[in-house]
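Subject: Structure for you to look at

Hi,

Here is the structure I promised to pass on. Have a look at it first, then read my notes below.

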Amino acid sequence: MILTHNEKKPIIDPTAYVAPTATVCGDVSIGPHCRVMFGACLIAEGGSIEIGLHCIILENAVIRSTSRHSARIGNHCLIGPNAHVTGCSLKDEVFIATGAAVFHGAVLEAPSEGRVNGVVHLKTRLPEEAIVPIGWVAVGDPASILPPDQQRRGLESPRTTQFPACRLWLRSK
């Protein structure tokens, strides 16, 4: 489904494929030879979404922009099934695996990876060739990459606890 939002209509290169059950909404540009698979949602709410060339957005992945954070996906990127990418910048050749999440203001340098269920937190910068292992969390600039048993330490920094969900989570521990 291709939708206009805030008077902005998606621009899709004629060589790109968008599955009939995908949703592309608002100020979105999809580059040459990309594939947006079934159930994927690319939703531009205020900011823009730019997808480079030869990218693959797999089933049920979500890419979202907000009025404060546009989303930029470089060339030759792959975003896995059920991944969430919101208001961030992925440079060329970045791989975001199944169920991974990348949040507002994050920058992932080329070529870096967020593996299955990995999280790249708010305003985090992953350096070139960095890997967020399965289930780990990257926090900060430069990123500290933390295993599951140390994630609370990374979320206690003054910068990240300004995010309301982090404050609630920390209070529950």
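Residues are numbered from 1 along each chain as its sequence is written, and side-chain values use heavy atoms, with hydrogens and water left out.

pLDDT is the predictor's confidence in each residue, from 0 to 100. The average over the protein chain is 90, and 87% of the residues score at least 70. Residues 160-173 are another story: pLDDT stays under 50 there. Where pLDDT is low, the predicted coordinates should not be read in detail. For that stretch the model has 21 contacts beyond four places in sequence, a contact being heavy atoms within 4.5 Å.

The sheets

Two strands pair if DSSP finds at least two bridges between them. Inside the order, strand 12 (residues 78-79) and strand 15 (residues 95-96) are parallel partners over two bridges, with Ile 79 opposite Ile 96.

Another open sheet, also of seven strands in parallel, runs 2-5-8-11-14-17-20. Strand 2 (11-12) and strand 20 (125-126) are at its edges with a single partner strand each, so one side of each has no neighbour in the sheet. Here strand 8 pairs with strand 11 over three bridges, and Ile 51 has Ile 73 as its bridge partner.

Strand 7 pairs with strand 10 (residues 62-65) over four bridges, and strand 10 pairs with strand 13 over three bridges. Arg 64 is the bridge partner of Ile 43 and stands opposite Thr 86 in strand 13.

What is inside

How much of the chain is buried? Buried residues are 43% of the 173 in the protein chain, where buried means under 20% relative accessible area, exposed over 50%, and partly exposed in between (1.4 Å probe, protein chains only).

A nonpolar core is a set of buried Ala, Val, Leu, Ile, Met, Phe, Trp, Tyr and Cys residues joined through side-chain atoms within 4.5 Å. The largest one has 35 residues, and Leu 42, Ile 63, Ile 79, Leu 90 and Ile 96 touch the most other members. Strand 5 (28-30), strand 7 (41-44), strand 8 (49-51) and strand 11 (71-73) each give at least two residues to this core. Take Ile 63: beyond four places in sequence, its contacts include Leu 42, Ile 51, Ile 73, Ile 79 and Val 85.

Charged pairs

A salt bridge is a side-chain nitrogen of Lys or Arg within 4 Å of a carboxyl oxygen of Asp or Glu. The whole structure has five. In one of them, Glu 50 pairs with Arg 72, with the closest N and O atoms 3.7 Å apart. That pair links distant parts of the chain, since Glu 50 is in strand 8 and Arg 72 in strand 11, 22 residues apart. Both are partly exposed: Glu 50 has a relative accessible area of 37% and Arg 72 has 31%.

Arg 125 and Glu 109 form another, at 2.6 Å from N to O. Arg 125 lies in strand 20 and Glu 109 in the loop between strand 17 (107-108) and strand 18 (113-114), so the pair ties together parts 16 residues apart in sequence. Glu 109 and Arg 125 also belong to a salt-bridge network with Asp 141.

Cheers

Methods:
This is a predicted model: local features need pLDDT of at least 70, side-chain atom pairs count only at pLDDT 80 or more; totals for chains, interfaces and linings use all residues.
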